[in-house]
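Subject: Structure handover

Hello,

Here is the structure you were to take over. My notes follow below it.

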Amino acid sequence: QVHVRESGGGLVQAGGSLRLSCVASGRTYHMGWFRQASGKEREFLAGISASGGQTSYADSVKGRFTISRDNAKHSVSLQMDSEQPDDTAVYSCAASKITEKSYEHLYDYWGQGIAGTVSS
């Protein structure tokens, strides 16, 4: 059983920053971050390969969000800067055996999600 757990969500003012972390048990996976805002479909934000050598970003967050990982700690982080109210969502971390790209159906294990709220 692979467990994926997010941490670090919360409330931030517009223009501020929020940092999310994720830990996945077991082997080292390709990892991705997704989010789902109220009334909207889940969207891919960023992904990082198992080695950390390759990253992938959605155009909507490129330049504002940064994904990184520390394999010694089995953790992946998402640094979110210049936050705006539209960034309010439930953020989920997911692990994939084969890709760090945006293909949601290729992610095998998902965390329960954590809320991130941006106030105006």
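Where does glutamate 100 lie? Glutamate 100 sits in the loop between S9 and strand S10 (109-110). Please keep in mind throughout that this is a predicted model.

Glutamate 100 and histidine 30

Despite its place in a loop, glutamate 100 counts as buried, at 5% relative accessibility. Leaving aside residues up to four places away in sequence, glutamate 100 touches His30, Met31, Phe44, Gly47, Ile48, Ser49, Gln54, Ser56 and Tyr107. Glycine 63 is 37 residues from glutamate 100 along the chain, and their C-alpha atoms are separated by 18 Å.

Histidine 30, one of those contacts, belongs to strand S4 (residues 30-36). Its relative accessible area is 17%; the cut-off for buried is under 20%, so histidine 30 is classed as buried. A polar atom of the histidine 30 side chain lies 3.0 Å from the backbone nitrogen of alanine 50. With residues up to four places away in sequence not counted, the contacts of histidine 30 include Ile48, Ser49 and Ala50, then Arg69, and also the run Ala94, Ala95, Ser96, Lys97, Ile98, Thr99 and Glu100.

The four-stranded sheet

Four strands form an open sheet in the order S1-S3-S8-S7, and the pairing is antiparallel. Strand S1 (4-7) and strand S7 (65-70) are at the edges; each has a single partner strand, so one side of each has no neighbour in the sheet. From one strand to the next the twist averages 20 degrees.

Going through the pairs that involve S3:

- S1 pairs with strand S3 (residues 18-24) in the antiparallel sense, over four bridges. Serine 7 has serine 21 in S3 as its bridge partner, and valine 4 stands opposite alanine 24 in S3.
- S3 and strand S8 (residues 75-80) also run antiparallel and are joined by six bridges. Here the bridge partner of leucine 18 is methionine 80 in S8.

Serine 75 and serine 77 can be taken together. Serine 75 lies in strand S8 and is buried, with a relative accessible area of 14%. Serine 77 lies in strand S8 as well and is buried, with a relative accessible area of 9%.

Serine 75 touches Cys22, Val23, Ser68, Arg69 and Asp70, not counting residues up to four places away in sequence. Of these, cysteine 22 is 53 residues from serine 75 in sequence, with 5.4 Å between the C-alpha atoms.

The disulfide

How many disulfides does the count come to? The count is one disulfide. The bond joins cysteine 22 to cysteine 93, with an S to S distance of 2.1 Å. Cysteine 22 is in strand S3 and cysteine 93 in strand S9 (residues 89-96), so the pair ties together parts that are 71 residues apart in sequence. The torsion about the S-S bond is about -85 degrees, which means that the disulfide is left-handed. Cysteine 22 counts as buried, at 0% relative accessibility, and cysteine 93 also counts as buried, at 0%.

The nonpolar core

The largest nonpolar core has 29 residues, and Leu20, Met31, Trp33, Leu78 and Tyr91 are those with the most contacts inside it. At least two residues of this core come from each of S3, S4, strand S5 (43-48), S7, S8 and S9. S9 gives the most, with five residues.

Regards

Methods:
Residues are numbered from 1 along each chain as its sequence is written. This is a predicted model: local features need pLDDT of at least 70, side-chain atom pairs count only at pLDDT 80 or more; totals for chains, interfaces and linings use all residues. Side-chain values use heavy atoms; hydrogens and water are left out. Buried means under 20% relative accessible area, exposed over 50%, partly exposed in between (1.4 Å probe, protein chains only). A polar contact is a pair of N or O atoms within 3.5 Å; within protein, one must be able to donate a hydrogen and the other to accept it, and residues adjacent in sequence count only if both atoms are side-chain atoms. Contact means heavy atoms within 4.5 Å. Two strands pair if DSSP finds at least two bridges between them. Axes are lines fitted to C-alpha atoms, for helices over the stretch in contact, and angles run from 0 to 180 degrees between N-to-C directions. A disulfide is a pair of cysteine sulfur atoms within 2.5 Å. A nonpolar core is a set of buried Ala, Val, Leu, Ile, Met, Phe, Trp, Tyr and Cys residues joined through side-chain atoms within 4.5 Å.
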